[in-house]
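Biologist: I would like to go through this model with you, beginning with the aromatic side chains and then turning to a helix and the space beside it.

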Amino acid sequence: MNAPFAQPMPLLELDVLRTFVAIAETGSFTTAASAVFRTPSAVSMQIKKLEETIGRPVFNRDARSVTLTADGEVLLTYARRLLALNREAVSKFVRSDISGAVRLGSPDDYGERILPNVLKRFAISHPAIAVDVIIDTSTNLRRRMASRMLDITLITCTDAVTDPSAEILLSEPIVWAGARGGCAHLRDPLPISIWEEGCAWRASALKALAEANRSFRIAYMSAHAAGQRAAILADLAIAPLPKSFLGPDLVELTEDDGLPPMGNYHIGMLVAPEASVPVRAVADHIRATFEMMSEVPAAERTRRLSVAV
């Protein structure tokens with residue numbers, strides 16, 4: 001008598017898992033489609049196939065957002081482990097032709113919010129390139145570039161002060177940020193929290209207040225985004241921030257609140273002359289990341305950055 005034939009377990013496709021992880025990380029089918037070089041309809045078909053394979057929905061979908069279900073959260077852990085194991089196995093046999101070390105600089109704000117994702121994805125595509133990161137003010141980062149202590153750096157600049165050698169990657173408004181339901185902006189003199197000398201946001205804020213003849217006092221000064229954010233959340237001061245840095249607990253204060261506009265600021269990139277192949281690879285990766293960011297609506301970009309913090 002023959003033993004009953006056991007039904008084989010279905011196999012999860014790595015390509016589909018890669019798409020699944022991209023959607024989970026970006027919160028958008030459209031953005032994930034760009035990241036995995038597929039059309040949105042193809043991505044939707046992949047997720048439909050995945051859900052049919054495991055017999056459970058992995059995403060909650062509505063008109064404004066995409067979130068993981070409880071089963072999706074569990075699958076995400078396995079998907080990342082499987083993809084990491086695949087990379088490890090393949091790297092044993094297929095080595096990248098590009099190797100070396102790159103010295104990368106970034107201001108504190110974007111070093112905290114953008115670089116982790118940039119470095120994570122770059123390590124996947126270029127495992128043989130080591131990236132050493134320096135976090136500093138834009139002024140000091142320019143000096144480091146000039147003295148050849150860095151190979152590539154991100155810097156911030158404003159409409160009034162730009163670096164002609166910088167490649168502009170992203171532009172957005174600088175706004176006054178206050179605690180939701182707070183009253184710090186009603187005090188006189190106005191308490192503000194700003195960065196140290198050399199910060200593009202500081203220069204725009206002080207110039208705008210001076211032109212508006214608004215009295216103010218520097219209540220807090222920090223070289224780190226976390227310190228500035230803490231002062232705002234405690235309703236001890238307001239601060240100039242990029243609009244995308246606003247989150248659920250921070251609101252934009254406008255001219256209706258008695259605050260003058262400050263214009264735009266820009267994220268620029270400086271690359272050393274005669275950059276090596278590894279340096280050019282990092283630069284290309286950073287460009288691609290900011291191109292994807294610029295395609296995301298401002299409200300969605302704000303949501304992702306606030307989650308990252």
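Biologist: Is F59 buried or exposed?

Modeller: This is a predicted model in which local features need pLDDT of at least 70 and side-chain atom pairs count only at pLDDT 80 or more, while totals for chains, interfaces and linings use all residues. Residues are numbered from 1 along each chain as its sequence is written, and side-chain values use heavy atoms, with hydrogens and water left out. Buried means under 20% relative accessible area, exposed over 50% and partly exposed in between, with a 1.4 Å probe and protein chains only. At 4% relative accessibility, F59 therefore counts as buried.

Biologist: How are the rings of F29 and F59 arranged?

Modeller: Rings of Phe, Tyr and Trp (its six-membered ring) pair if their centres lie within 6.5 Å, and planes under 30 degrees apart count as stacked, over 60 as edge-to-face and the rest as tilted. The ring centres of F29 and F59 are 5.8 Å apart and their planes are at 65°, so the pair is edge-to-face.

Biologist: Where do the buried residues of α9 fall, seen down its axis?

Modeller: In helix α9 (residues 225-233), the buried residues are A225, Q228, R229, A231 and I232. The arc is that of the directions from the helix axis to the C-beta atoms. Seen down the axis of α9, its buried residues fall within an arc of 160°, so they line one face of the helix.

Biologist: Which element gives the largest share of the lining of the largest cavity?

Modeller: On a 1 Å grid over the protein atoms alone, a cavity is a set of points where a 1.4 Å probe fits but cannot get out, and lining residues have an atom within 4 Å of a point. About 50 Å³ of space lies in the largest cavity, whose lining includes D109, W195 and Q228; a volume is the space filled by probe spheres set on the points, which are joined across faces, edges and corners. The largest share of this lining, four residues, comes from α9.

Terms used. Helices (H or I, at least four residues) and strands (E, at least two) are DSSP runs, numbered from the N terminus. On a 1 Å grid over the protein atoms alone, a cavity is a set of points where a 1.4 Å probe fits but cannot get out, and a pocket is an open set with protein on both sides within 12 Å along at least five of seven lines; lining residues have an atom within 4 Å of a point.
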